[in-house]
Amino acid sequence: MIYFPIHNKYITMSKLIDQKMRERNDRLHKEKISKMKSSVDNKAPKQQVHLQQNLKKAQLEEDRLSEVERQNGLLLDKLSKIAGRKGAEEADPHKALVPGQAPAPDRVTSLNAPARKAQLEKIAEENQQLLKRIHSKQLGKGEYSRDTMDKEFQQHEEYVKLGRQA
């Protein structure tokens, strides 16, 4: 095979030799490609230990749990003090309570109790009135009356005629 740079062509003396040369070159090229190593690293990056272990999150969780434990201890102390109190049922109802003594359930009243009771009565009255209105609508005729609808349609037709005349 002879190469002529002026014409940018290969000239061969024999087609058979040319074909053998091409096959050899193709085979060599394929071998080189199969032996070639990639120049780009496609592997996953290495795992960093300090990124896997979230130490700050673990510390915050531990602090939160210790705060919850402390609060639970305080609540337990308060409950044990309340359970250890002498009840008001045993005391004279006309005497003042001593420190640490729980009031009797019947003696505890709210300052807002009369206002709340009045408000609840008002709401109950309004609910009763609403219920009566609903029942009266259900017991009467249906919502639609054919006669009423016919009269309304006739009235509408008259309005349309008057509108066309103007």
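1. Order of elements. From the N terminus on, the protein chain runs β-β-α-α-α-α-α, which gives 5 helices and 2 strands. Helices (H or I, at least four residues) and strands (E, at least two) are DSSP runs, numbered from the N terminus.

2. Basis of the note. This is a predicted model, in which local features need pLDDT of at least 70 and side-chain atom pairs count only at pLDDT 80 or more, while totals for chains, interfaces and linings use all residues. Residues are numbered from 1 along each chain as its sequence is written, and side-chain values use heavy atoms, with hydrogens and water left out.

3. Confidence. The predictor's confidence in each residue is given as pLDDT, from 0 to 100. For the protein chain the mean pLDDT is 81, and 75% of the residues reach 70 or more. Confidence is lowest in strand E1 (residues 2-4), with a mean of 56, and highest in helix H5 (residues 146-165), with 91. Where pLDDT is low, the predicted coordinates should not be read in detail.

4. Of the 166 residues of the protein chain, 3% count as buried; buried means under 20% relative accessible area, exposed over 50%, and partly exposed in between (1.4 Å probe, protein chains only). Among contacts (heavy atoms within 4.5 Å) with a separation of 6 or more, residues 24 or more positions apart account for 0% in the protein chain.

5. Glu61 pairs with Arg64 in a salt bridge whose closest N and O atoms are 2.9 Å apart. The two are separated by about one helical turn because they stand 3 residues apart in helix H3 (residues 55-84). With 37% relative accessibility, Glu61 counts as partly exposed, and so does Arg64, at 46%. Helix H3 also holds Glu67 and Arg70, 3 residues apart, about one turn of the helix; their side chains meet in a salt bridge of 3.0 Å, N to O. Glu67 is partly exposed at 37% relative accessibility, and Arg70 is partly exposed at 45%.

6. Helix H5. The expected span of a helix is 1.5 Å times one less than its number of residues. The 20 residues of H5 should therefore span 28 Å, and the 29 Å between its end C-alpha atoms agrees. H5 is hardly covered: among its 20 residues, the count of buried residues is 0.

How values were computed: A salt bridge is a side-chain nitrogen of Lys or Arg within 4 Å of a carboxyl oxygen of Asp or Glu.
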